[in-house]
Each structure stands twice: as structure tokens, then as C-alpha cells.
Amino acid sequence: MPETPACGGECKRSLGFEFTMAFQPVVDLPTRRIYAYEALVRGVDGEGAQAVLARVTPETLYAFDQACRTKAIELAVAQAMTARLNINFLPNAVYHAETCLRLTLDTARRLGFPLDRITFEFTENERVMDRDHLRAIVATYHRFGFQTALDDFGTGYAGLGLLADFQPDCLKIDRLLVEGIGEDRVRQAIVGGLVGICERLAIDVVAEGVETLGELRALAAMGITRFQGYLFARPRLGRLITEAEIVFPDLA
């Protein structure tokens, strides 16, 4: 008799639909290199994330979370990714951190993708019901060599309260705070304060949703060096965007 999975078989539950991943680079401006790629869920015909997520039910949430991790690693390996891989995960879908990592660990080890090149991003938009549970998840992921990132910071439920409870390796500032920051003193003050907090806590910062040169200049002047957004590259299906395809602006 085959052994029952530790998840009680939930990781094997059929989703009833197929999906894939697009990858968007996170660039390091001073070195003009791609630091990481974020895996973003897409439909097999290029449908956006919301169209895919709308098909996920409470009964398939855990299986979907597990399938996303596996798919991201498989596609990263198939496309010979050498940068970091950022994978979004759903904290409320993780019932036991170590058990829920088993499929991720097995997939990465089987395909030879280094564990220390994986960052798990969780979004502030998902309301975390149990802060102690989230702290346990992050501690477990760190123990296995993964990094963690707090995504979409500046929107959602928790804000600084969540950051006060625990500290990820990276904080990703949402487009909501980035948009028009070159001409917006309020946004400049808020983001400048966040950068100062992260410096004191030894947390890396990525500015998301950067679309204009004015935004980039303002953010770089605050000391931010890593960026993600349409100014550099849109998410792409099928193959990774290369450094040679990215136009790195000269801020001098």
C-alpha cells in the first residue's frame, strides 16, 4: 500500500484546471544585473493571475499553493535560471510549516535547484489570521536555508504592525507608494522612513511597480538599489528575460 502523504492527501487534490508561470526580473541597478526572478501565476493561454485565482476554491487552496511552488521550480530549472527564484506562498494555506515544505524540498533537490537561491514571498494583501503561526513558518523556512520577503508592503491589512511582529529578509514596497513618488513629498517621506527602518533592521528593500525614470531617480536617491517594474521588464511567459534585453537607465 502506498504511504499516505503527510498532508493527508490534500497536496494531491485535483485543481480541475491547468496554469503556468510568467517570470519578471528584479534588477540590481548598481551592478546592472538581474538579482532575482519572481514567478507570477498565469493561465496557460496567458490569462492574468486573477483569472487563475478565481478558480481556486477553499478546498483546493492547499493543493494550489503546493502546485505553484512545484511549477515555479520546474520552470526555473527548465529555463536554466541562475538568479534567485522568488515564489509567492499563501500563509493561510500552510497548516504545518515543515510538512508543507516537503514537496518543495523534494522538487528542488530532485531537479538540483539550490535551496539558498529561493525566496518565499507572502503578500500583505492576505489577512494573516495567526501571527504566531506566521512566525513559525518564517523560522522554519530560514532553518532550511530559504529567504522570505514581505510583498506588496503599503497595501493590505497589517502594515508596520506585521513588520513589528517579525522581520523578513526583504521588504517589497508596493506600487501604491511608488507611483508618482518623484513629485510627491508625502510618498517620499513615507518611503524614506521605510528605508531607514529597514536599514536599522538589516532588511533588504525592493521597490515594486517602477514605471518611470522620475520614480526610479527618487527611489535611488533614498538608497534603494533593487527594483522591479515595467520600466525594466514586463513579466514574460515561455523564456526568461535576459540582462542584455534590459535597458538600465543612467541616473548620472
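**View 1. Strands β6 and β7 are parallel neighbours.** β6 and β7 pair in the parallel sense over four bridges (strands are DSSP runs of E, at least two residues, and helices are runs of H or I, at least four residues, both numbered from the N terminus; two strands pair if DSSP finds at least two bridges between them). Lys172 stands opposite Val206 in β7. Strand β6 covers residues 170-173; Cys170 and Lys172 point one way from it, Leu171 and Ile173 point the other way, and all are buried (under 20% relative accessible area; exposed means over 50% and partly exposed in between, with a 1.4 Å probe and protein chains only). The model is predicted: local features need pLDDT of at least 70, side-chain atom pairs count only at pLDDT 80 or more, and totals for chains, interfaces and linings use all residues. Residues are numbered from 1 along each chain as its sequence is written, and side-chain values use heavy atoms, with hydrogens and water left out.

**View 2. Eight strands close into a barrel.** The order is β1-β2-β3-β4-β5-β6-β7-β8, and the pairing is mixed. β5 and β6 run parallel and are joined by three bridges; Leu150 has Leu171 in β6 as its bridge partner. Strand β7 (residues 204-207) pairs with strand β8 (residues 226-227) in the parallel sense over two bridges. There, Ala207 has Phe227 of β8 as its bridge partner.

View 3. Helix α4 (residues 131-143) lies across β4 and β5 (147-153), running at about 135° to β5.

**View 4. Helix α2 packs with helix α3.** Helix α2 (residues 61-78) and helix α3 (residues 97-111) have axes 10 Å apart, at an angle of about 15°. That makes α2 roughly parallel to α3 (angles under 35 degrees count as roughly parallel, over 145 as roughly antiparallel, 65 to 115 as roughly perpendicular and the rest as oblique). The contact includes Tyr62, Arg69 and Ile73 of α2, and Cys100, Leu103 and Thr107 of α3. By type, its residues are eight nonpolar, four polar and three charged (Ala, Val, Leu, Ile, Met, Phe, Trp, Tyr, Cys and Pro count as nonpolar, Asp, Glu, Lys and Arg as charged, and the others, Gly among them, as polar).

**View 5. Helix α3 crosses helix α4.** The two axes come within 9 Å and cross at roughly 45°. That makes α3 oblique to α4. The crossing of α3 past α4 is right-handed. Ala97, Glu98 and Leu101 in α3 meet Ala136, Ile137, Thr140, Tyr141 and Arg143 in α4. This contact of α3 with α4 divides into five nonpolar residues, one polar and two charged.

**View 6. Gly192 sits in helix α7.** Helix α7 spans residues 185-201. Gly192 is partly exposed, with a relative accessible area of 30%. Its C-alpha atom is separated by 8.7 Å from that of Gly223, 31 residues apart along the chain.

Conventions
Axes fitted to C-alpha atoms, helices over the stretch in contact; angles between N-to-C directions. Contact = heavy atoms within 4.5 Å. Left-handed = near helix turned anticlockwise from the far one by under 90°.
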